[in-house]
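This report concerns one protein structure, shown directly below. Please keep the sequence and the model at hand while reading.

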Amino acid sequence: MNSTIEQVKRILRIFKIYHRYSVKGINKFPLDCGVLLVTNHSLATYDGFLLGLEILEKTGRLSRGLGDDLLFQIPVLKNWCSDIGLVPASNDNAKKLLRQKEVLGVAPGGMREALRPSAQRYELKWAKRKGFVKLAISEQAPIVLAACPNADRIFKVYESFFTAFLYKKFRIPVPFFKGYALSAIPRPVKLTHYLSDPILPPKVDANAPISQEVVDEFHQYLIHRMKSLMANVDHHTIV
C-alpha cells in the first residue's frame, strides 16, 4: 500500500469516528470479480471515501474511480489521484478496470446531484444517466448499490440561481451551504452506508447491440432499488 493511501486512511479514520460511521451489508460484497459500486453523491463527497476505506479494510479490495481529465492535467494533483486509484474517466478505462476484476466506484448523479439544495435531499438525479447501466450489461459485471442518505445532512445546501447558472454554463460548482452552526465544519451526523446484494445485469447476446429497452428496464429497476436504500434515514442520529 503506497504512502498516499496510508495518509488518506489516517484522515478517513478520523471522519469515521466523528460520524460514527458504519456499513450494512458488506458481508455479501463480491470478492473475486469485477464490481460496479454505484453510490449517491452528497455535497460532502467524502462519505464515498469512507465506504472505500471500509471495503478495503473488510475485504482487502481497493475501490477504483473515474476522475475528470482536468485532475490529470495538474502536475501534483495527477500523481495524488493516481496514487489513490483514480483513472481518467472514459468508457475504455471503465471496461479495463472491470475486466481486471477491480471494484469500480461510480456516482451517476455526479455534481448535479451533489449541488442539489437541501429541499431535494435524498433525491436521485439519475434519470438521464444510463452509461453505468450499459457498462454493467456489456461487461456482465454485478452492481452493488450503496446509499448513504444521512450524508445529505452533513451540510445544509441553499438553492441558488447563481450556483445553477455557473454549473450549467461553465461546469463550475459554487454551492452556498453551511455546516455546524454557521460554519463550514461538517455536522456530526451519524453516517451509515446501506449496500444491496450484488445485482446481476440481464444477459444479452454478446454479438448483438444492447437494446434500449433492456437498458431502460434495468435502469428503472436500479433506481427503484436505490430509492428503497435511500429511505433508510435515521432521524434520531441527526444533530
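## Basis of the model

The model is predicted: local features require pLDDT of at least 70, side-chain atom pairs count only at pLDDT 80 or more, and totals for chains, interfaces and linings use all residues. Residues are numbered from 1 along each chain as its sequence is written, and side-chain values use heavy atoms, with hydrogens and water left out.

Helices (H or I, at least four residues) and strands (E, at least two) are DSSP runs, numbered from the N terminus. Residues are called buried under 20% relative accessible area, exposed over 50%, and partly exposed in between (1.4 Å probe, protein chains only).

## Salt bridges

The whole structure contains 10 salt bridges, each defined as a side-chain nitrogen of Lys or Arg within 4 Å of a carboxyl oxygen of Asp or Glu. One of them joins the side chains of Arg13 and Glu57, at 2.7 Å from N to O. Arg13 belongs to helix α1 (residues 3-18) and Glu57 to helix α2 (residues 46-59), so this pair ties together parts that are 44 residues apart in sequence. Both partners are partly exposed, Arg13 at 34% relative accessibility and Glu57 at 36%.

A salt bridge also forms between Glu54 and Lys16, at 2.9 Å from N to O. Because Glu54 lies in helix α2 and Lys16 in helix α1, the pair ties together parts that are 38 residues apart in sequence. Glu54 is buried at 7% relative accessibility, whereas Lys16 is partly exposed at 23%.

Elsewhere, Arg99 pairs with Glu139, with their closest N and O atoms 2.8 Å apart. Arg99 is in helix α4 (residues 91-99) and Glu139 in helix α6 (residues 131-139), so the pair ties together parts that are 40 residues apart in sequence. Arg99 is exposed, with a relative accessible area of 59%, while Glu139 is buried at 18%. As for shared partners, salt bridges join Arg13, Lys16, Glu54, Glu57 and Lys58 into one network.

## Helix α7 and its ends

The buried residues of α7 are Thr163, Leu166 and Tyr167. Viewed down the axis of α7, these residues fall within an arc of 95 degrees, so they line one face of the helix; the arc is that of the directions from the helix axis to the C-beta atoms. An α-helix has 3.6 residues a turn, so residues three or four places apart point the same way. The cover over the buried residues of α7 includes α5 (110-115) and β8, where contact means heavy atoms within 4.5 Å. On the other side of α7, Phe161, Lys168 and Lys169 are exposed.

Ser160 occupies the loop between β7 (156-158) and α7 and is buried, at 18% relative accessibility. At the start of α7, a side-chain oxygen of Ser160 comes within 3.1 Å of the backbone nitrogen of Phe162. Just after α7, Arg171 adopts a positive phi of about 55 degrees.

## A nonpolar surface patch

Phe161, Phe165, Phe170 and Ile172 make a nonpolar surface patch of about 450 Å². Patches consist of residues with over 30% relative accessible area and no salt bridge, like charges being joined within 9 Å and nonpolar side chains (Val, Leu, Ile, Met, Phe, Trp, Tyr) within 5 Å. Accessible areas come from the Shrake-Rupley method with a 1.4 Å probe, and for residues only the protein chains shown count as cover.

Ile172 is located in the loop between α7 (161-170) and β8 (176-178). At 41% relative accessibility, Ile172 is partly exposed.

Definitions and conventions
A polar contact is a pair of N or O atoms within 3.5 Å; within protein, one must be able to donate a hydrogen and the other to accept it, and residues adjacent in sequence count only if both atoms are side-chain atoms.
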